[in-house]
Amino acid sequence: MRSPDFARHDPRPSLLDNPVTGYDFRVRTMAICLASLAGYIDALGFMELGGFFVSFMSGNSTRLAVALTGNLANAALAASLIVTFVLGVILGSLVAHFAKHHRRAAVMSFVAALLFGAASLNAVGFKHAAIVAMGLAMGAENAVFERDGEVSIGLTYMTGTLVKLGQRLAIAFTGGSKTAWAPYFLLWSGLVGGAALGSSAYAHLGLKALWPAAIAAVGLSITIARIGHGEISPREDP
């Protein structure tokens with residue numbers, strides 16, 4: 001006998017259960033672009049900081065734990081980056097909350113403002129403050145695809161995306177959909193491609209490479225405002 005909860009299960013597709021394929025093509029393309037931006041910024045931070053991250057907090061957490069055994073300066077740096085990222089998530093979520101129907105464009109505009117701030121701070125010699133702004137921007141970016149208090153598409157980290165990729169490939173091998181893995185692969189490829197571009201830009205420009213990223217973020221903000229919700233669920237975002 002099925003439980004009442006199971007009997008009342010909503011058959012409509014859930015964006016949290018199916019986070020990448022639960023959006024239409026335009027929004028998935030935008031997510032790939034945002035992942036590319038995150039990879040680009042993370043590569044700049046990684047090279048500037050000598051192996052620490054402004055968006056990949058699993059890596060910073062490992063570095064924090066390792067550094068606690070003998071390098072307190074590195075531990076403090078890793079901890080400060082983690083705190084900065086979390087603060088960025090908080091700020092991005094608050095922007096999304098108060099912007100209501102226009103929250104995605106508002107969050108992306110906030111990210112663009114932070115990146116312009118980072119580029120400007122670096123230009124006047126405040127590199128440490130620029131790194132803080134970069135970390136805030138990467139935390140805030142995750143609120144672009146936030147629904148019901150949860151991130152439906154992770155843009156600055158790919159572990160969950162790679163798990164989904166592996167699961168969809170397993171399904172393909174056992175007779176299921178042959179293409180459901182592709183959106184996850186493309187999202188991962190977006191971040192890797194952005195990181196490669198960021199690495200190349202840093203080699204030539206250093207943190208001056210923040211300027212094209214900030215300009216790109218403005219373009220993404222405008223595009224996000226135009227494409228709207230783009231979900232398969234019949235329920236619109238509140």
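Student: Leaving aside neighbours within four places in sequence, what is alanine 143 in contact with?
Tutor: Alanine 143 is in contact with Gly92, Ser93, Ala96 and Val107, once those sequence neighbours are set aside. Keep in mind that this is a predicted model.
Student: Where is alanine 143 placed?
Tutor: In a loop, the one between helix H6 (127-141) and strand S1 (146-147).
Student: Buried or exposed?
Tutor: Alanine 143 is buried, because its relative accessible area is 3% and buried means under 20%.
Student: And how many Å separate the C-alpha atoms of alanine 143 and glycine 88?
Tutor: The separation is 9.4 Å, for two residues 55 apart along the chain.
Student: Val107 came up as a contact. Which residues of H5 are buried?
Tutor: Val107 is one of them, and the list also includes Met108, Val111, Ala112, Leu114 and Leu115.
Student: What should H5 span, and what does the model give?
Tutor: H5 covers residues 103-123, so at 1.5 Å a residue its 21 residues should span 30 Å. The end C-alpha atoms are 30 Å apart, which agrees.
Student: What follows H5?
Tutor: Glycine 125, with a positive phi near 95°.
Student: Switching to the chain overall. How many helices and strands?
Tutor: Nine helices and two strands, in the order α-α-α-α-α-α-β-β-α-α-α along the sequence.
Student: What share of the residues is buried?
Tutor: 42% of the 238 residues. The accessible surface comes to about 11900 Å², and carbon and sulfur atoms hold 68% of that surface.

Note on methods
Residues are numbered from 1 along each chain as its sequence is written. This is a predicted model: local features need pLDDT of at least 70, side-chain atom pairs count only at pLDDT 80 or more; totals for chains, interfaces and linings use all residues. Side-chain values use heavy atoms; hydrogens and water are left out. Helices (H or I, at least four residues) and strands (E, at least two) are DSSP runs, numbered from the N terminus. Buried means under 20% relative accessible area, exposed over 50%, partly exposed in between (1.4 Å probe, protein chains only). Contact means heavy atoms within 4.5 Å. Accessible areas come from the Shrake-Rupley method with a 1.4 Å probe; for residues, only the protein chains shown count as cover. The expected span of a helix is 1.5 Å times one less than its number of residues.
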